[in-house]
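Here is a short report on one protein structure. Look at the model first, then read on.

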Amino acid sequence: MTTIHHYDGATGEYLASSQARIDPLQGGPLIPANATTTAPPNAAQGCAVCFVNNVWQQIENHRCELLYSIETGLPVTWSALGAIPQGHTASRPGANQVWDHTTQAWTDDPETMSSARVMEIHAEFRDLDLASIRPLRAMQAGQGTSEDGTVLADIETQVQILRTELATLTTTEE
């Protein structure tokens, strides 16, 4: 008996193998459409085996993989055979990253990083304000200790450092 190998009519992707039926008039094997007697190779890692131009070929297979748009960084589930389409990558961007066309990789976006740091500094200001309430009340009530004074001095130093950094960030953004 002759083994035939079936492939998808649109993509050429190998589907299955079966035994050919015998032609009752001619006596030879009947080969249906989208089938060949040429055996397919085993699929390589990350590939699908496809019958293209009467030859089995290894075609990249990124179907069902999460790809990322290099313009937006948003994920896309790919559903076609072939290489990763132009404008997409398999590497996931990190927070505050943009695609660098020169290095072909995600890189930190200074503008976004700066905005994020400004928000972090404002959050640190709030935290320092909260940390200063108890020692300030104690000092105003005349019950403050030297430790309260040290805590307030440390907080003021941290605030000055953050104000300097904030001034640097906001002048570079303008």
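This is a predicted model: local features need pLDDT of at least 70, side-chain atom pairs count only at pLDDT 80 or more; totals for chains, interfaces and linings use all residues.

**Two sheets**

Strands of a sheet pair through backbone hydrogen bonds, either parallel or antiparallel. Strand S1 (residues 3-7) is joined to S5 by two bridges. His5 has Thr36 in S5 as its bridge partner.

Another open sheet of three strands runs in the order S9-S8-S10, again with antiparallel pairing. Its edge strands are strand S9 (75-77) and S10, and each pairs on one side only. Two bridges link strand S8 (residues 66-69) with S10 in the antiparallel sense. Opposite Ser69 stands His88 in S10.

**A residue in S10**

Thr89 also belongs to strand S10 (residues 88-89). Is Thr89 buried or exposed? The cut-off for buried is under 20% relative accessible area. Thr89 has 11% relative accessibility, so Thr89 counts as buried. Beyond its neighbours within four places in sequence, Thr89 is in contact with Leu67, Tyr68, Ile70, Ile84, Trp99 and Trp106. Its side chain also makes a polar contact with the side chain of Ser91, at 3.2 Å.

In soluble globular proteins, nonpolar side chains tend to be buried together. In this model, the largest nonpolar core has nine residues: Val118, Ile121, Phe125, Leu128, Ile155, Val159, Leu162, Leu166 and Leu169. Helix H1 (110-140) and helix H2 (146-173) are the elements that give two or more residues to this core. H2 gives the most, with five residues. Take Leu169 as one of the core residues. Leaving aside neighbours within four places in sequence, Leu169 is in contact with Ser114, Arg117, Val118 and Ile121.

**Salt bridges**

How many salt bridges does the structure hold? There are three.

| Pair | Closest N to O distance |
|---|---|
| Arg134 and Asp148 | 2.5 Å |
| Arg163 and Glu156 | 3.9 Å |

Glu13 lies in the loop between S1 and S2, and Arg63 in the loop between strand S7 (55-60) and S8, so the pair ties together parts that are 50 residues apart in sequence. Glu13 is buried, with a relative accessible area of 19%. Arg63 is partly exposed, at 28%.

Next comes the salt bridge of Arg134 with Asp148. Arg134 lies in helix H1 and Asp148 in helix H2, so this pair ties together parts that are 14 residues apart in sequence. Arg134 counts as exposed at 53% relative accessibility, whereas Asp148 counts as buried at 4%.

In the pair of Arg163 and Glu156, Arg163 is partly exposed, with a relative accessible area of 45%. Glu156 counts as partly exposed too, at 39% relative accessibility.

**A buried charge without a salt bridge**

Asp23 sits in the loop between strand S3 (21-22) and strand S4 (29-30). Asp23 is buried yet has no salt bridge. The nearest side chain of opposite charge is Arg21, 12 Å away. What does the side chain of Asp23 reach instead? It reaches the backbone nitrogen of Leu25 at 2.8 Å and the backbone nitrogen of Gln26 at 3.3 Å. Not counting residues up to four places away in sequence, Asp23 touches Gly28 and Leu30.

Definitions and conventions
Residues are numbered from 1 along each chain as its sequence is written. Side-chain values use heavy atoms; hydrogens and water are left out. Helices (H or I, at least four residues) and strands (E, at least two) are DSSP runs, numbered from the N terminus. Buried means under 20% relative accessible area, exposed over 50%, partly exposed in between (1.4 Å probe, protein chains only). Lys and Arg count as positive and Asp and Glu as negative; His and the chain ends are not counted. A salt bridge is a side-chain nitrogen of Lys or Arg within 4 Å of a carboxyl oxygen of Asp or Glu. A polar contact is a pair of N or O atoms within 3.5 Å; within protein, one must be able to donate a hydrogen and the other to accept it, and residues adjacent in sequence count only if both atoms are side-chain atoms. Contact means heavy atoms within 4.5 Å. Two strands pair if DSSP finds at least two bridges between them. A nonpolar core is a set of buried Ala, Val, Leu, Ile, Met, Phe, Trp, Tyr and Cys residues joined through side-chain atoms within 4.5 Å.
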